[in-house]
Amino acid sequence: MSKYPFQNIEPENIDELLKLSQDLSDYKCRLEAIKQLSKFRCKKSLRILYGLMKNDRIFPCKEEAFRALQNFGEDVKLPKKRRRKGKPIKTINEKLLVLHNSFDGDSYSLIDFKVKFKQTYPEVYDVYQFEKKTSFDSFIENSLKTIAKRKINHNYSVQILFQKTNESITQERIDLEYVNKQGGSDELIITKDKLIINCFRQSKINLNNIVFEESNSIHSQIIKSLIYYYAQSVYFVEIKTLEIIRLNSTNKEVVLKLPSKNLRLDQILNNSFQGVQLNISQIKNIFKKDDKSETLKYGLTFLLKALVETEPSTKFERLWKSFNSIYRYIGNGENENECHRVLRNYILNNRESFENTVDLVKDLSIEQLRKHLRVSELIQNDYDSPSKVVAFLALIYRYSDSFISQLLLENIDYQKDFLCSILAMDRIESKINKFDSLRNIFSENKNSTDSCVFYKIAKKHLEQNVKTPRRETKIEIIIFACIKYGYFVRNKMFHAEKHDLTFRFASNSIITELKWINEILQSLLIELINNNDNWETTNP
């Protein structure tokens, strides 16, 4: 008679238990599977338990499987526990070295290493996790230190040769930050016809990975160096060759060259490029190793590609992606609305930095602005339900520019019914109180017997703005066109609410509109990037 009770049936979750018993990366999962299987004597349970007893590399798992089978009345014999001499797995150092090299010389954390260890060698990971227990982490760290001392150091030199001498380029040497355990940095040497990027790595990197793997740190240094080169060039210079050389301590060279028989060299820009007025001292922040550096890399790649794009809709997409990367950084990665709010405050608080962009709109007439902005469509699209009426009211009080107010005034009646129903809405005060500009207005009028009081107050506010135009508010046209209206256009295009705008037989009104927005957005982007030193001064 068995010592512990069990049922002669198949458990309902047998497939789940089978999967648990096959988790070679965690012996605790297998022990849990054995515990559950020991309650059910069936063909599948027996087969799983026999397999674990005979083959599991962790003795407690063998032992528990044996005891479960013995309890079922099976004629079994517990395999002897082998006394280990030396390392549990003889090739552990070789395996750790393979894992170390798989990071291609880039820095990694202990967690990164353990994740890859578990994925690549699950059984080995399991054995050492069991054997080392609480000293597992220190075992890995000490092993890697030993491996690093034995490794050959490798120097990598990337040499980019251009087709001709570029007289607009300043010759210089720049340190490129690179985060690793030893510290230090890479080096960029710029001449009028060549870029040389010198990097030191402890690992032997497959040179193809430098070309094709975007996550590779040397690949990233190449991209940043080309951005910096073209950012200060006033015309396009074609890349002639790109050569990557690996030199180890024995002075053995391995070379990969583009173009070659098997590898094509793509030109980043083209002859449409005519330079861009960027502050080079500000662009150097791209060579740091932080979130801003990555933002500049993303933003500048899209901006530079936009500069050579002749199709207005494609150019807008690239400009917007550049803009998106920047406002998400300035807005600290919050949701879109919050990022837009923070960016708006940043522009208003630093308006002296955006004089060139303001110059593009300061002499516009209301007729021209009305032609460029489909404000009625924006309002009907963005504020299409009573639940959005508070946001519309906040929009009205957000702008004081006479032209923006005029356009909103001309279209306020699209929202009249919603505005006249505010006092009848549930929990409306909590929504109103989210906006400082509306809190006092609501408090003063919430007991009014006139249901349309907020429609009348909003209309009067807009009329007052129209009557008293102020020059210093013209920057609000930039904010409205690029943030509010640009986001509306972006959503229509990216969510396929418009047909592909390149599929056309003539340059229609939307294309004309996009050309105007592109000019302003491009200028705004350049001035934002030129002042990236004070991005962090924004007060959310």
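Q: What makes helix H25 mostly covered?
A: In H25, 17 of its 21 residues are buried. Buried stands for under 20% relative accessible area, exposed for over 50%, and partly exposed for what lies in between, with a 1.4 Å probe and protein chains only. Helices here are DSSP runs of H or I with at least four residues, strands are runs of E with at least two, and both are numbered from the N terminus. This is a predicted model, in which local features need pLDDT of at least 70 and side-chain atom pairs count only at pLDDT 80 or more, while totals for chains, interfaces and linings use all residues. Residues are numbered from 1 along each chain as its sequence is written, and side-chain values use heavy atoms, with hydrogens and water left out.

Q: How do you know that the span of helix H25 agrees with its number of residues?
A: The expected span of a helix is 1.5 Å times one less than its number of residues. For the 21 residues of H25 (509-529) that gives 30 Å, and the end C-alpha atoms are 30 Å apart, so the two agree.

Q: Which residues line the second largest cavity?
A: Its lining consists of Glu177, Tyr178, Val179, Ser217, Gln221, Lys224 and Lys289. The volume of the second largest cavity is about 40 Å³, and H10 gives the most to its lining, with 3 residues.

Q: How is the lining of the largest pocket divided by class?
A: It has 11 nonpolar, 7 polar and 10 charged residues. Nonpolar covers Ala, Val, Leu, Ile, Met, Phe, Trp, Tyr, Cys and Pro, charged covers Asp, Glu, Lys and Arg, and the others, Gly among them, are polar. The largest pocket has a volume of about 1100 Å³. Of its 28 lining residues, the closest to the centre are Asn337, Arg341, Ala394, Arg398 and Phe435.

Q: How many residues of each class line the second largest pocket?
A: Its lining has 16 nonpolar, 4 polar and 5 charged residues. H10 gives the most to this lining, with 7 residues, and the pocket holds about 700 Å³ of space.

Q: Why is the contact between Asp436 and Arg439 called a salt bridge?
A: The term requires a side-chain nitrogen of Lys or Arg within 4 Å of a carboxyl oxygen of Asp or Glu. The closest N and O atoms of Asp436 and Arg439 are 3.0 Å apart, and the pair forms a salt bridge. Being 3 residues apart in helix H22, the two are separated by about one helical turn. Asp436 is exposed at 61%, whereas Arg439 is partly exposed at 33%.

Q: What are the N to O distance and the accessibility class in the pair Asp266 and Arg264?
A: The side chains of Asp266 and Arg264 meet in a salt bridge at 2.7 Å, N to O. Asp266 counts as partly exposed at 46% relative accessibility, and Arg264 is exposed at 67%. By this rule the count comes to 26 salt bridges.

Q: Which bond is cis, and where is its proline?
A: The cis peptide bond joins Leu258 and Pro259, with omega about -5 degrees. Pro259 is in the loop between strand S6 (253-258) and helix H11 (280-283).

Definitions and conventions
1 Å grid on protein atoms, 1.4 Å probe; cavity = no way out; pocket = protein on both sides within 12 Å on 5 of 7 lines; lining within 4 Å. Points joined across faces, edges and corners; volume = space filled by probe spheres on them.
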